[in-house]
Amino acid sequence: LFIGQYDKFTVKIGEETFQVDGDETQGPNIQDNAAFKTAYRAFKKHLKNQDEVLRLPGLPYTPEQLFWLSGARIRCQAAKDEALKDLYRKNDSYSMRLNIPYSARVNLVYQNLAEFSSDWACPLGSPMNPENKCSLW
């Protein structure tokens, strides 16, 4: 199931579509899933130890939602289409096998975490709250 989630992930750049190789990217994918899960647990433990949880003025987000936004923000990517195509082409030394799109590194991880779905109230069966989640532990 885990490798299959990544195998199904594609990125369209211009007229070309690139597919992630879930088997080749398994190591980094496991690391991403473990990192977010561990960081979230530490974050919740930190919040629990606070007398008062402050909110950012003018923003409608909970501290938990800001955690997820922050995690996604570090994976923001701005690049020209041709640079991304070169990065993902299978016949290059840098290929999709090793260079996982940041959108996959965020969306697929978040889809697997029930905490994300709960914090954002994503309906069950929606893209960010699939019925079948893959939890490695």
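**Notes on the aromatic residues**

1. Tyr110 is a buried residue, because its relative accessibility of 3% falls under the 20% cut-off. Please keep in mind that this comes from a predicted model. Tyr110 sits in helix α5, which covers residues 102-112.

2. Which residues does Tyr110 touch, leaving aside those up to four places away in sequence? The contacts are Phe36, Trp68, Gly71, Ala72, Phe116 and Met128. As for Pro28, 82 residues apart from Tyr110 along the chain, the two C-alpha atoms are separated by 15 Å.

3. Searching the whole structure gives 12 aromatic pairs. One of them joins Tyr40 and Phe67 in an edge-to-face arrangement, with 5.3 Å centre to centre and 70° between the planes. Tyr40 belongs to helix α2 (residues 26-48) and Phe67 to helix α3 (residues 63-73), so this pair ties together parts that are 27 residues apart in sequence. Tyr40 is buried at a relative accessible area of 6%, and Phe67 also counts as buried, at 15%.

4. Phe67 has a further ring pair, with Phe43, and this one is stacked: 5.1 Å centre to centre and 25° between the planes. Here too the pair links distant parts of the chain, with Phe43 in helix α2 and Phe67 in helix α3, 24 residues apart. Both Phe43 and Phe67 are buried.

5. Now for how these rings come together. Ring pairs link Tyr110, Tyr40, Phe43 and Phe67 into a cluster that also includes Phe36, Tyr61, Trp68, Phe116 and Trp120.

Terms used. Residues are numbered from 1 along each chain as its sequence is written. This is a predicted model: local features need pLDDT of at least 70, side-chain atom pairs count only at pLDDT 80 or more; totals for chains, interfaces and linings use all residues. Side-chain values use heavy atoms; hydrogens and water are left out. Helices (H or I, at least four residues) and strands (E, at least two) are DSSP runs, numbered from the N terminus. Buried means under 20% relative accessible area, exposed over 50%, partly exposed in between (1.4 Å probe, protein chains only). Contact means heavy atoms within 4.5 Å. Rings of Phe, Tyr and Trp (its six-membered ring) pair if their centres lie within 6.5 Å; planes under 30 degrees apart count as stacked, over 60 as edge-to-face and the rest as tilted.
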